[in-house]
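Please keep the sequence and the 3D view at hand.

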Amino acid sequence: MFRISIIAGIALVFAFVLCTSGVLAQDPGRELVPNQAPKIINGGVLNGKAKDLPMPEYPEDARSKGIGGKVIVAVTIDESGNVIMANADVQDLKLSTNPENERRDEDPLTVGLRTAAENAARMATFSPTVLSGVPVKVTGSIVYSFDPESGKVGSPPRQVSGGVLNGRAESMPAPGYPPAAKAVRAEGTVTVQIQIGPEGNVIYAAAVSGHPLLRAASEAAAREAKFAPTLLDGKPLTVTGVLTYNFVAPKKIDQ
């Protein structure tokens, strides 16, 4: 009787294995789902990378009342280079000197600027971005400047790549050593992709390599770096490049 119970148990286990194998065989992608998830990379300010970048139409009611400023449109670009998401935010709002023209973010005139910028951004096209031979989505921003005085809409100044920028910084604060990283003796070099605005301030910073526990501190330090403005023909440029930070774990104290 005991032998029969053992044999019956083995048979049940074998049947379970066969059923499980059958399910996996019918749906082999189950184990691959995490690896098949589309990758998304951040491209920073994308104006200079567009194949075609239509300018928004300046809403006449906003222009006539002196409403303007910088509109930053957060976008997502699909694997084919088309904008599939656009969400605008108005910054540095410019108003006429008439105090009655003070506007809130949800005022129809301000909303008109955002809508015009979003509609234009959706028409922009880019070359596909390929990572390790695979097309990927890209997030970033498209920036438009609405000038109520001229009634024109423009994009940011030209952008150039400066490579490794450590030696060009006028001020480059060192990052703090996070306690969590120190506890596990995390060390090594962290590389931070940055973008420097026309005035020499870092307007974008994202770590692209290095220990995960050291990245946030490196990004925070990079945002505090200062540079002299870069000019071309007397006009300020936006500069992209990288800053590198080297972390060395403190020596162990012999006990």
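Predicted model: local features only at pLDDT ≥ 70, side-chain atom pairs only at ≥ 80, totals over all residues.

Residues are numbered from 1 along each chain as its sequence is written, and side-chain values use heavy atoms, with hydrogens and water left out.

The protein holds 6 helices and 15 strands; these are DSSP runs numbered from the N terminus (helices H or I, at least four residues; strands E, at least two). Of its 255 residues, 33% are buried, meaning under 20% relative accessible area with a 1.4 Å probe, protein chains only. Take the contacts (heavy atoms within 4.5 Å) between residues at least 6 apart in sequence: 73% of them join residues at least 24 apart.

Now find strand E3, residues 68-77, where 7 of the 10 residues are buried. E3 pairs with strand E7 (residues 134-147) in the antiparallel sense, over 9 bridges; pairing requires DSSP to find at least two bridges between the strands. To locate this pairing on screen, look for Val75, whose bridge partner in E7 is Gly140.

Next, turn to helix H6, residues 212-223. Its 12 residues should span 16 Å at 1.5 Å a residue, and the end C-alpha atoms are 18 Å apart, which agrees; the expected span is 1.5 Å times one less than the number of residues. Which residues of H6 are buried? They are Leu214, Ala217, Ser218, Glu219, Ala221 and Ala222. These buried residues pack against helix H5 (179-183) and strands E11 (188-196), E12 (202-209) and E15 (235-247).

Definitions and conventions:
Buried < 20%, exposed > 50% of the residue type's maximum accessible area, 1.4 Å probe, protein only.
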